[in-house]
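The stops below are given in the order in which they may be selected.

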Amino acid sequence: MAFAVSIRSQILLVMGLLVVLTAGILSYVAYQSEKRALLEGVDDKLYAAACFARAMLPEDYHDGLAGPDSVSGQAFDVIVDRNNRLCLALDLQYIWSCLVVSNRIVFTTATSPGKDVRKADHARFFEVHRDPHAFDGVFGTLKPHYSSFRNEWGNGRMVLVPWVDRNGRPYCFGASMGVEEVAAMLRRKMMPLIALSAAVLLIGVLLSVYLANSLSRPIRALTAAAQRIAKGETTPNAEVRGSTEIESLSASLRHMSGAIADKIAALKESEERFS
């Protein structure tokens, strides 16, 4: 047996689906737009931090680096501590720099994972970076390179800004922000958007209910009139206002009702004449 669904339910279902689909599309577009704007802001912040980290060092810092003994452990710890404090002030994950020496990429500055230089858990001066392919983009083009990363140092968003020392060796400064910080910023950005989407969805649902009732009311009234005619009522109220089609159907029902009434009256008159 086919399951009959009222015209009101059908209209409500279609409009409800359209409302949900529209709200979903708008929310997705807004989310992508906010995410893109957020990442652009993060990238700008990381770029500024990388440039600032380079500016805190002597102008010829990388020019004079020849090997692991070029900078003492104590002097390197001072640089690391400065980077630690800068990361804490800017809510960053790491600030570092690397130099290409004999086809190897080595650390020339670093940041402590725990932001405490006394733990000695940071990369050592001239320590070889164990993910050289992370620098393919920056050293391959010698242009700032933005990317997301996942390695032994964590995962997040980073920028690498390149320079070349007076010996022709490429080096870069990098800055990164942890994926948790980026996600937290995105959640804060999305809260007003979620509230707005919920409000739009609620208004859309209420409007759908109102329109479903408005559109189905004349059809239900005509259906009730037709049912009364089918039961033998000769003077049903079949005058229903609405669209051109609804009013045309209402007029047709009134005409049909009047014709039936005339036929019944004629039959009664004929019976009385012959009785």
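Which side chains meet in a salt bridge with an N to O distance of 3.2 Å? Select R85 and D81: their side chains form this contact, a salt bridge being a side-chain nitrogen of Lys or Arg within 4 Å of a carboxyl oxygen of Asp or Glu. Both residues lie in helix α2, four residues apart, about one turn of the helix. Helices (H or I, at least four residues) and strands (E, at least two) are DSSP runs, numbered from the N terminus.

The model is predicted, and local features need pLDDT of at least 70, side-chain atom pairs count only at pLDDT 80 or more, and totals for chains, interfaces and linings use all residues. Residues are numbered from 1 along each chain as its sequence is written, and side-chain values use heavy atoms, with hydrogens and water left out.

**Further salt bridges**

The whole structure contains six salt bridges. Select D116 and R118 next; their closest N and O atoms are 3.1 Å apart. R118 has a relative accessible area of 74% and is therefore exposed; the classes are buried under 20%, exposed over 50% and partly exposed in between (1.4 Å probe, protein chains only). Another salt bridge joins E127 and R130 at 3.5 Å, N to O, and R130 is exposed at 56%. Returning to the opening pair, D81 has 28% relative accessibility and so counts as partly exposed.

**The loop at S70**

Now select S70, in the loop between α1 and α2. With 33% relative accessibility, S70 counts as partly exposed. Its side chain reaches two backbone nitrogens: that of A66 at 2.8 Å and that of G67 at 3.0 Å. Neighbours within four places in sequence aside, S70 is in contact (heavy atoms within 4.5 Å) with G64, L65 and F125.

**Aromatic rings**

Rings of Phe, Tyr and Trp (its six-membered ring) pair if their centres lie within 6.5 Å; planes under 30 degrees apart count as stacked, over 60 as edge-to-face and the rest as tilted. The structure holds six aromatic pairs. In one of them, Y171 and F173, the ring centres are 6.3 Å apart and the planes stand at 75°, so the pair is edge-to-face. Both Y171 and F173 are buried.

Two rings also carry a charge over them, meaning that NZ of Lys or CZ of Arg is within 6 Å of the ring centre and within 35 degrees of the ring normal. Select R54 with W163, where the charged end lies 4.3 Å from the ring centre. Then select K115 with Y94, where the corresponding distance is 5.1 Å.

**The nonpolar core**

Finish with W96 and F135, which touch the most other members of the largest nonpolar core, a set of 47 residues. Such a core consists of buried Ala, Val, Leu, Ile, Met, Phe, Trp, Tyr and Cys residues joined through side-chain atoms within 4.5 Å. Elements that give two or more residues to this core include α1 (7-55), β1 (94-101) and α4 (179-230), and the largest share, seven residues, comes from β1. Around F135, neighbours within four places in sequence aside, display the contacts W96, C98, I105, H129, G140, L160 and C172.

Technical notes: Polar contact = N/O pair within 3.5 Å; in protein donor to acceptor, adjacent residues only side chain to side chain.
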